[in-house]
Amino acid sequence: MTVYLVGAGPGDPGLCTLRGAEVLASADVVVYDRLSTTALLDLAPSTAERISVGKQPGGPRTSQSDINALLVARGKAGQQVVRLKGGDPFVFARGGEEAAALHAAGVSFEVVPGVTSAVAVPAYAGIPVTMRYSSTSVTVVTGHEDPTREQGSVNWQALAALGGTVVVLMGAARCEAICEELIAGGMDPKTPAASIQWGTRPNQRTLRGTLGTLANLNPQPPSTIVIGEVAASDLGWFESRPLFGRRIVVTRAQPHTRAMADALRARGAEAIELACIAFEPPTQPARLAQAAADVGSYDWVVFTSPRAVERFFVYLHDARSLGEAKVAAIGPSTADALAQHNVVADLLPTQYVAESLLEALLEQSEAVGQAEVDKATRVLIPRAETARDVLPDGLAAAGWEVDVVSAYRTVVPAPHSDAVALLAEAEVVAFTSSSTVNNFLDTYGVEALPEVVAVIGPVTAAALRERGVDVAVEAQVYTTEGLIAAIEHYFALHTNVNNNPNINPNSNTL
């Protein structure tokens with residue numbers, strides 16, 4: 001087996017390389033540092049062992065010799081080990097020391113380069129590290145040198161005379177001394193300077209000033225410091241996203257949690273994946289298989305969730321087996337799931353709830369010719385084992401012959417080990433079904449709810465109100481896209497620079 005030294009990039013999981021994601025997907029063990037994000041760790045199999053060796057200023061730390069020994073031991077044990085490191089493993093990240101230890105021990109290893117924070121972090125702050133006419137060189141140095149040396153190895157005076165852009169990694173704690181040494185070396189105190197903390201992440205915070213004032217802004221680690229004319233650039237794009245800095249809990253089941261979380265991250269939010277529902281096969285799968293075999297005898301097959309589609313088509317030979325049966329979908333996500341099986345929904349209601357679907361089906365029934373009136377319409381509804389009976393009861397009351405078959409069961413996942421801490425930091429929780437509401441409240445309690453509660457539609461809202469919880473955001477379009485849009489609209493109405501700590505007011509510029 002091999003030990004992979006993987007550069008994870010500076011924080012945004014989208015900056016992890018394809019090769020990095022590939023080796024993570026087959027890892028037995030992931031050894032990660034403080035700068036890795038949960039979303040990156042989730043790329044590894046759920047069975048993979050996760051070992052944190054992160055170093056925190058003033059806090060507990062794992063020595064580099066212990067990390068080296070751990071990698072050697074796990075590599076010799078025949079495990080596939082991913083050493084996940086922030087940025088690039090060979091750029092001020094001690095990847096060279098780890099590779100040397102593995103080489104000396106005869107353990108096979110591979111280096112997977114990553115996007116270095118020296119370039120990516122300034123880019124996310126809207127700062128190009130070079131400009132054609134003003135800054136034609138860039139120098140990357142560490143602000144955290146070997147503490148065993150009496151004198152640092154960086155010649156700051158020579159660096160000041162070199163000109164161009166200076167990027168300092170891990171220099172927040174020594175910012176004042178670094179700036180003083182550059183000024184002593186002849187660099188103008190009015191030279192633009194910026195410090196970007198937690199760069200490329202939703203909690204990114206950019207401080208802008210000059211070489212003479214930056215230390216007064218008290219930069220905190222982990223920060224990337226940029227000094228030079230380019231630091232005056234403010235080509236902002238990342239921090240201007242509509243949900244930038246918002247911490248939003250997503251309660252959907254996998255794999256739908258990931259899709260919604262990715263959509264939120266694309267809008268600048270920090271998505272906290274806390275699935276409050278999981279799916280298991282039905283207690284009587286033979287009934288579902290038989291229903292699939294008889295599907296051609298029905299007039300309608302009605303799907304009320306993408307999961308029902310996925311489970312039903314496990315037993316369906318192919319789309320042709322539907323025969324003359326028409327297909328209804330409760331909403332766009334369910335229709336998309338049907339399209340994955342080359343089936344186009346014949347009916348989609350105007351509102352994506354059971355009541356609207358019932359009304360649309362009954363309208364279809366009224367539109368049939370006189371010859372069909374005396375013939376009971378047969379409908380098959382594959383759905384969750386426990387669900388609201390609005391649709392089957394309404395159709396039966398109208399004289400339809402209704403067969404309901406369980407396609408899957410919903411269950412409550414085991415509580416997340418870090419749920420208390422994650423929820424304490426969250427600003428919004430998003431619910432997409434009454435099941436996620438009840439499972440969340442039964443597992444974590446009302447007191448664990450973040451300040452803002454957002455729901456996908458009226459049924460989910462009703463479940464919360466029945467439990468005495470106020471709803472702040474209710475989507476008008478009952479889809480995850482509609483829910484995200486509603487959250488954006490809420491914060492557009494309720495946000496200013498004083499209530500979002502990640503939006504920089506003018507006081508952050510000196």
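Residues are numbered from 1 along each chain as its sequence is written. Because the model is predicted, local features need pLDDT of at least 70 and side-chain atom pairs count only at pLDDT 80 or more, while totals for chains, interfaces and linings use all residues; side-chain values use heavy atoms, without hydrogens and water.

**Stop one: the largest cavity.** Select A275, C276, V412, P413, A414, P415, N439, T443 and Y444, which line the largest cavity. A cavity is a set of points on a 1 Å grid over the protein atoms alone where a 1.4 Å probe fits but cannot get out, and lining residues have an atom within 4 Å of a point. The volume here is about 40 Å³, counted as the space filled by probe spheres set on the points, which are joined across faces, edges and corners.

**Stop two: the second largest cavity.** Now select S195, Q197, R205, L207, N218, P219, Q220 and S223. They line a space of about 30 Å³. Strands β8 (192-197) and β9 (205-210) each supply at least two of the lining residues; strands are DSSP runs of E with at least two residues, and helices are runs of H or I with at least four, numbered from the N terminus.

**Stop three: two helices.** Show α10 (residues 306-315) and α11 (residues 332-339), whose axes lie 8 Å apart at an angle of about 20 degrees. That makes α10 roughly parallel to α11 (angles under 35 degrees, taken from 0 to 180 degrees between N-to-C directions of lines fitted to C-alpha atoms over the stretch in contact). Finally, pick out P306, V309 and F313 in α10, which meet S333, T334, A337 and L338 in α11, with contact meaning heavy atoms within 4.5 Å.

Key
1 Å grid on protein atoms, 1.4 Å probe; cavity = no way out; pocket = protein on both sides within 12 Å on 5 of 7 lines; lining within 4 Å. Parallel < 35°, antiparallel > 145°, perpendicular 65-115°, else oblique.
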